[in-house]
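The following note sets out points for a colleague who is examining this model. Please read them alongside the sequence and the coordinates.

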Amino acid sequence: MPQRLHLVFGGELKDPSKTEFENPEDIHVVGMFPDYQSAYDAWKSEAQRTVDNAHMRYFIAHIHRLRDEATEASPTEELGS
């Protein structure tokens with residue numbers, strides 16, 4: 001099975017109904033996880049820890065979806081090699 005990395009991060013939002021951070025420089029990076037279940041466990045722990053702050057939100061980013069190894073790289077990406 002291929003590795004499917006997930007990033008858990010969060011911070012205080014300007015408006016709890018949106019996803020714009022109040023202070024992007026203060027985003028809390030919880031960590032990178034090798035599978036969804038471990039990312040979910042970390043996300044849940046942080047979300048429960050900050051449940052009293054309605055503006056605080058944590059997210060799981062599916063890093064493995066950002067790049068498909070089967071798709072040919074763009075010319076710009078090739079410049080970095």
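1. Leaving out residues up to four places away in sequence, E46 touches H28, V30 and Y58, where contact means heavy atoms within 4.5 Å. E46 is found in helix α1; helices (H or I, at least four residues) and strands (E, at least two) are DSSP runs, numbered from the N terminus. With a relative accessibility of 13%, E46 counts as buried. The classes used here are buried for under 20% relative accessible area, exposed for over 50%, and partly exposed in between (1.4 Å probe, protein chains only).

2. The model is predicted: local features need pLDDT of at least 70, side-chain atom pairs count only at pLDDT 80 or more, and totals for chains, interfaces and linings use all residues. Residues are numbered from 1 along each chain as its sequence is written, and side-chain values use heavy atoms, with hydrogens and water left out.

3. Which residue does the side chain of E46 meet in a polar contact? The partner is the side chain of R49, at 2.6 Å. A polar contact is a pair of N or O atoms within 3.5 Å; within protein, one must be able to donate a hydrogen and the other to accept it, and residues adjacent in sequence count only if both atoms are side-chain atoms. The pair R49 and E46 also forms a salt bridge (2.6 Å, N to O), that is, a side-chain nitrogen of Lys or Arg within 4 Å of a carboxyl oxygen of Asp or Glu.

4. R49 and E46 are three residues apart in helix α1 (residues 36-49), and are therefore separated by about one helical turn. R49 is exposed, with a relative accessible area of 55%, whereas E46 is buried at 13%. Beyond its neighbours within four places in sequence, R49 is in contact with H28 and Y58. H28 and Y58 are likewise among the residues that E46 touches.

5. How many salt bridges does the rule give? The count comes to two.

6. The protein has two helices and three strands, and along the sequence the pattern reads β-β-α-β-α. The three strands form an open sheet in the order β2-β1-β3, with antiparallel pairing. Strands β2 and β3 stand at the edges with a single partner strand each, so one side of each is left without a neighbour in the sheet. Neighbouring strands of this sheet are turned by 15 degrees against each other on average, direction ignored. Axes are lines fitted to C-alpha atoms, for helices over the stretch in contact, and angles run from 0 to 180 degrees between N-to-C directions.

7. Strand β1 (residues 6-12) is joined to strand β2 (residues 28-33) by five bridges, and the two run antiparallel. With strand β3 (residues 56-62), β1 pairs in the antiparallel sense over seven bridges. Two strands are taken to pair if DSSP finds at least two bridges between them. V8 has G31 as its bridge partner in β2 and I60 as its bridge partner in β3. E12 stands opposite M56 in β3. Helix α1 packs on the sheet and touches β1, β2 and β3, its direction making about 170 degrees with that of β3.

8. Why is β1 described as largely enclosed by the rest of the structure? The reason is that five of the seven residues of β1 are buried. As background, side chains in a regular strand alternate between the two faces of the sheet.

9. For the protein as a whole, buried residues make up 17% of the 81 residues. Among contacts between residues at least 6 apart in sequence, 60% join residues at least 24 apart. The protein exposes about 6100 Å², of which carbon and sulfur atoms supply 53%. Accessible areas come from the Shrake-Rupley method with a 1.4 Å probe; for residues, only the protein chains shown count as cover.
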